[in-house]
Amino acid sequence: LQTPAAGLLRSYAMEKAEVTDSTRQELLAFLSGTEGSDYAPQSGEITGILKQMGDEMNKDYSDATAEENSAIENFEALMAAK
């Protein structure tokens, strides 16, 4: 964590906090981002899912627009026939 709040928490944990050494090490590892180093980001998969959702929504929008335009044409033809 690179935020100013994380820096304050880090310095507090190092200098003033009355916690056990193991807790202090755990906290500092979390703040430095080294805890759970086996984590593999899934942003590529998430981006792919969002792109697929966007493509599907665009297709659905195009289909709905075409259907609406067809309905308008049919209505206008019906009104002209009266």
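## Exposure of Lys51 and its partner

Lys51 is exposed, at a relative accessible area of 54%. In this predicted model, Lys51 pairs with Asp55 in a salt bridge. The closest N and O atoms of the two are 3.1 Å apart. Asp55 is partly exposed, with a relative accessible area of 42%.

Both residues sit in helix H3, which covers residues 43-81. They are four residues apart, about one turn of the helix.

## The second salt bridge

The structure has two salt bridges. Besides the Asp55 and Lys51 pair, one joins the side chains of Lys59 and Asp63. Here the N to O distance is 3.0 Å. Lys59 and Asp63 also belong to helix H3, four residues apart, with about one helical turn between them.

Lys59 is exposed, at 51% relative accessible area. That value counts as exposed because the class begins over 50%. Asp63 has a relative accessible area of 40% and is partly exposed.

Side chains of opposite charge can pair when their charged atoms come close.

## A nonpolar surface patch

Five residues make up a nonpolar patch on the surface: Ile46, Ile49, Leu50, Met53 and Met57. Together they have about 500 Å² of accessible area.

Ile49, one of the patch residues, lies in helix H3. The relative accessibility of Ile49 is 42%, so Ile49 counts as partly exposed.

Terms used:
Residues are numbered from 1 along each chain as its sequence is written. This is a predicted model: local features need pLDDT of at least 70, side-chain atom pairs count only at pLDDT 80 or more; totals for chains, interfaces and linings use all residues. Side-chain values use heavy atoms; hydrogens and water are left out. A salt bridge is a side-chain nitrogen of Lys or Arg within 4 Å of a carboxyl oxygen of Asp or Glu. Helices (H or I, at least four residues) and strands (E, at least two) are DSSP runs, numbered from the N terminus. Buried means under 20% relative accessible area, exposed over 50%, partly exposed in between (1.4 Å probe, protein chains only). Patches are made of residues with over 30% relative accessible area and no salt bridge: like charges are joined within 9 Å, nonpolar side chains (Val, Leu, Ile, Met, Phe, Trp, Tyr) within 5 Å. Accessible areas come from the Shrake-Rupley method with a 1.4 Å probe; for residues, only the protein chains shown count as cover.
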